Amino acid sequence: MAGNMNTREIVFDMLMAVEKEHTPSHILLSQTLSKYQYLEKKDRAFISRLFRGALEYQIFLDAVIGQYSSVKLSKIKLPVRTLLRMTVYQILKMDHIPDAAACDEAVKLAKRRGLKNLSGFVNGVLRNIARHKEEIVYPDIQKDPVCYLSMRYALPEWMVSMWLKDYDAAVVAEMGEAMLTDQSTSVRVRDVSSVQQVSEELQAAGICVEKGFVMDEALHLSGYDYLGQIDAFRDGRMVVQDESAMLAAAAAGVCGGEYIIDVCAAPGGKSMHLADLLQGTGHVSARDLTAVKTAKIEENISRTGLSNVSVRVQDALVFCPDDEGRADIVMADLPCSGLGVMGRKADIKRNMTPEKIGQLAALQRAILSVVQRYVKPGGVLIYSTCTVSKEENQANMNWFEQEFPFKLESLDMYLPESVHNDQTARGWIQILPGQYGSDGFFIARFRRSIGGLDL
């Protein structure tokens with residue numbers, strides 16, 4: 001078993017891999033936890049908490065370090081900067097770790113990594129922060145709300161500025177808080193009649209279970225060690241799916257017997273949900289860009305035993321003539337900036353830019369221009385994203401309705417009453433991070449006119 005010394009070293013190496021090799025953090029964490037399955041549960045939990053926390057709070061941590069360091073952050077060597085961030089996180093956000101222990105372990109780690117001549121600097125900065133952690137200064141929210149919200153909720157300033165154009169500061173703060181709150185795992189029980197049975201089985205295994213906020217088939221899990229060890233997941237009775245994504249499948253209004261095309265389907269959550277709603281009838285054609293992506297869909301489908309789903313590699317930008325006017329429903333959950341899921345993927349804070357959002361919005365329009373041709377007259381297209389960006393969401397929704405023979409159609413017949421509002425009555429919904437206990441998500445439902453195809 002590794003002690004805290006070794007687990008900190010593991011986290012240090014992980015953070016350095018993110019910085020130097022740009023390894024996606026969620027993939028790196030999964031690989032690391034799999035590699036160290038032999039560690040005790042508390043050690044694996046420590047690795048996960050410290051790694052994710054240091055990334056999620058990086059903007060805040062850098063602001064704090066900047067207040068107490070005599071050297072500008074940009075001038076501090078990357079290994080030292082990484083060590084400071086992960087230790088300041090322990091001091092400020094992990095109450096069960098004594099400040100002195102966190103500082104001592106950081107100094108030891110610095111020496112082991114060839115930074116002996118900088119260990120005094122590391123020690124000085126950390127102990128200064130530990131002594132004065134109640135005196136951290138935030139920007140004045142009245143004079144500079146962008147800087148305040150950026151530091152307080154570890155959000156890029158450009159993102160805060162963008163959101164403040166659409167929402168007041170209190171709403172932006174709620175989104176920021178939600179994305180920093182430890183999130184449970186949302187799962188969908190495939191047979192809604194067995195939700196109680198599955199819930200009791202999970203609780204008997206020592207897993208904390210909460211009912212879904214809006215979907216009857218949803219459960220929220222926490223306190224488990226490894227998903228693959230849970231019988232109900234392993235045998236396909238439940239699948240990992242956020243409640244907001246469940247709403248997207250519900251918005252399709254499946255009746256039975258439909259032919260459905262899911263154009264950007266990986267990892268397959270919505271395809272499986274749609275197939276379950278078909279109850280053994282109809283067919284779902286799940287597609288994505290690469291064999292790696294479709295392999296993930298196939299892996300998930302094989303665990304569930306669904307027979308009314310097929311999987312194929314298909315670039316959504318390339319028109320498939322055989323599907324012209326064939327689909328009753330097209331599910332277009334398209335590549336996006338992912339601002340709604342930053343609580344699960346901290347890399348988005350580091351990598352997304354306003355320019356990339358513009359490029360993604362253009363990509364979404366290009367894909368929609370192609371895949372709308374698959375919808376038969378009178379059929380349905382669901383456009384969804386996991387972001388909170390009007391350029392990608394409402395602007396693209398309005399553009400699509402103006403450009404093609406589709407009209408928005410009320411969602412109120414298809415979604416739970418608890419989410420009904422003025423938006424859903426008009427045919428769309430923007431879910432903010434933390435709202436309904438879910439990720440940020442956007443859904444719009446379009447009905448194709450009966451007049452025929454636009455060839």
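Guide: A charge sits over a ring if NZ of Lys or CZ of Arg is within 6 Å of the ring centre and within 35 degrees of the ring normal. This is a predicted model, in which local features need pLDDT of at least 70 and side-chain atom pairs count only at pLDDT 80 or more, while totals for chains, interfaces and linings use all residues. Residues are numbered from 1 along each chain as its sequence is written, and side-chain values use heavy atoms, with hydrogens and water left out.

Visitor: What makes K93 a residue that lies over the face of F60?

Guide: K93 is 5.1 Å from the ring centre of F60, and the limit is 6 Å. Likewise, the charged end of R303 is 4.0 Å from the centre of the F233 ring and sits over that ring. F60 also belongs to one aromatic cluster with Y57, Y89, Y138 and Y148.

Visitor: How many disulfides does a search of the whole structure find?

Guide: The search finds zero. A disulfide is a pair of cysteine sulfur atoms within 2.5 Å. For C264, the closest cysteine sulfur is in C336, 11 Å away, which is too far for a bond.

Visitor: Why is C264 called buried?

Guide: Its relative accessibility is 14%, and buried means under 20% relative accessible area, exposed over 50%, partly exposed in between (1.4 Å probe, protein chains only). C147 has 23%, so C147 is partly exposed.

Visitor: Why is the pair of F319 and Y374 called stacked?

Guide: The structure holds 12 aromatic pairs. Rings of Phe, Tyr and Trp (its six-membered ring) pair if their centres lie within 6.5 Å; planes under 30 degrees apart count as stacked, over 60 as edge-to-face and the rest as tilted. The ring centres of F319 and Y374 are 5.7 Å apart and the planes stand at 15 degrees, so this pair is stacked. F319 is in the loop between β7 and β8, and Y374 in the loop between α17 and β9, so the pair ties together parts 55 residues apart in sequence. Helices (H or I, at least four residues) and strands (E, at least two) are DSSP runs, numbered from the N terminus. F319, at 24%, counts as partly exposed, whereas Y374, at 2%, counts as buried.

Visitor: What makes the pair of F400 and F446 edge-to-face?

Guide: Their planes are 65 degrees apart, with 4.8 Å from centre to centre, and over 60 degrees counts as edge-to-face. F400 is in helix α18 and F446 in strand β12, 46 residues apart. F400 is buried at 1%, and F446 is buried at 0%.

Visitor: How do you know that β11 and β12 pair?

Guide: Two strands pair if DSSP finds at least two bridges between them. β11 and β12 have four bridges, in the antiparallel sense. I429 stands opposite I443 in β12. From β11, W428 and Q430 point one way and I429 and I431 the other way, and all are buried.

Visitor: Which residues have the most contacts inside the largest nonpolar core?

Guide: They are F51, V64, W163 and L339, in a core of 75 residues. A nonpolar core is a set of buried Ala, Val, Leu, Ile, Met, Phe, Trp, Tyr and Cys residues joined through side-chain atoms within 4.5 Å. A second, separate core of 36 residues includes V214 and F441. L339 is buried, at 0%. Not counting residues up to four places away in sequence, L339 touches residues including M159, W163 and T387, where contact means heavy atoms within 4.5 Å.
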